[in-house]
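Subject: Structure handover

Hello,

Here is the structure I promised to pass on. Please open it first, then read my notes below.

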Amino acid sequence: MNNPSLPLSLLEHAVVQDWKNGDAIHMWTPESGIFYVLHGTVHVVRLLENGGRSILHALGKNNFFFENRYFHPHTRTSVAYAASDTQTAYFTPKKVEFLLNSSLEFCRILIYNMSLKNLNSGKNIVDNRHSNPEFMLLSALYDLNRQKEDRSSRSLRITQASLAEYVGKHPVTTNKILKLLEQKGFVTLGRGIITLNMEQISATLKNREGE
């Protein structure tokens with residue numbers, strides 16, 4: 001399922017900004033509004049006590065971010081980074097409140113976006129508890145490919161270290177699993193690029209879900 005796009009009439013209420021690959025887009029605070037991805041890829045990460053960071057979401061075109069924090073503020077800090085050259089639309093808190101009270105379309109798309117994130121979160125919990133490591137990584141690669149702007153491309157621009165963060169595994173473990181997947185023909189590994197055999201991945205995931 002793909003997120004529906006916001007109409008131009010709603011985007012007129014937002015501030016459009018361009019970001020270069022690697023730019024820190026924003027640190028969430030209780031005064032923050034909501035962002036929307038017009039094109040590109042955004043990683044929303046959690047800052048860890050040891051100074052590291054863990055990727056919470058990898059988001060592509062037509063995705064909101066920081067919307068859950070807007071409705072459920074708490075002390076945990078999130079930061080968003082542009083994972084490619086990216087353009088976002090930012091809705092200030094006042095604009096969010098205005099649209100929530102005046103636009104059924106804005107509410108519909110926002111709720112749809114939040115529901116998909118919740119479904120993906122539940123899927124990740126199931127995968128972590130019941131799936132073998134290879135299947136978990138295939139699921140992550142499949143989801144990341146669906147979330148990028150150009151879904152026709154089989155190349156996923158992500159480092160193995162970033163992928164390890166995304167799935168919550170040690171980089172050494174992730175590297176070993178990726179090499180096994182390459183031997184089995186699921187992926188081809190390059191520097192900063194993972195090329196996916198989507199037909200084989202899709203068939204394997206479908207068969208596994210039917211078990």
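A word on classes before the findings: Ala, Val, Leu, Ile, Met, Phe, Trp, Tyr, Cys and Pro count as nonpolar, Asp, Glu, Lys and Arg as charged, and the others, Gly among them, as polar. Please also keep in mind that this is a predicted model.

The cavity

I searched the whole structure for cavities of 30 Å³ or more, and one turned up. The largest cavity holds about 40 Å³ of space. Which residues line the largest cavity? They are Pro133, Met136, Leu137, Val167, Lys169 and Ile177. Sorted by class, that lining has five nonpolar residues, no polar ones and one charged one. Lys counts as charged, and Lys169 is in the lining. Helix 5, residues 133–147, gives the most to the lining, with three residues.

Helix 6 against helix 7

Val167 lines the cavity. Helix 6 covers residues 160–167, and helix 7 covers residues 171–183. The two pack at an angle of about 105°, and their axes are 9 Å apart. Angles of 65 to 115 degrees count as roughly perpendicular, so helix 6 is roughly perpendicular to helix 7. On the helix 6 side, Gln160, Leu163, Ala164 and Val167 make the contact. On the helix 7 side, Pro171, Thr174, Asn175 and Leu178 do. By class, this contact has five nonpolar residues, three polar and no charged.

The four-stranded sheet

Now the strands. Strands of a sheet pair through backbone hydrogen bonds, either parallel or antiparallel. Here, an open sheet of four strands runs in the order 1-8-3-6, with antiparallel pairing. Which strands stand at the edges? Strand 1 (15–19) and strand 6 (64–65) do. Each has a single partner strand, so one side of each is left without a neighbour in the sheet. For strand 6, look at strand 3, residues 34–39: the two pair in the antiparallel sense over two bridges. Tyrosine 36 stands opposite phenylalanine 64 in strand 6.

The hairpin

Last, go to strand 10 (residues 187–190) and strand 11 (residues 193–196). They pair in the antiparallel sense over four bridges. Glycine 190 stands opposite isoleucine 193 in strand 11. How many residues lie between the strands of this hairpin? There are two. Glycine 192 in this hairpin takes a positive phi near 75°.

Over to you.

Best wishes

Methods
Residues numbered from 1 in each chain as written. Predicted model: local features only at pLDDT ≥ 70, side-chain atom pairs only at ≥ 80, totals over all residues. Heavy atoms only, no water. Axes fitted to C-alpha atoms, helices over the stretch in contact; angles between N-to-C directions. Parallel < 35°, antiparallel > 145°, perpendicular 65-115°, else oblique. Contact = heavy atoms within 4.5 Å. Pairing = 2+ DSSP bridges. 1 Å grid on protein atoms, 1.4 Å probe; cavity = no way out; pocket = protein on both sides within 12 Å on 5 of 7 lines; lining within 4 Å. Points joined across faces, edges and corners; volume = space filled by probe spheres on them.
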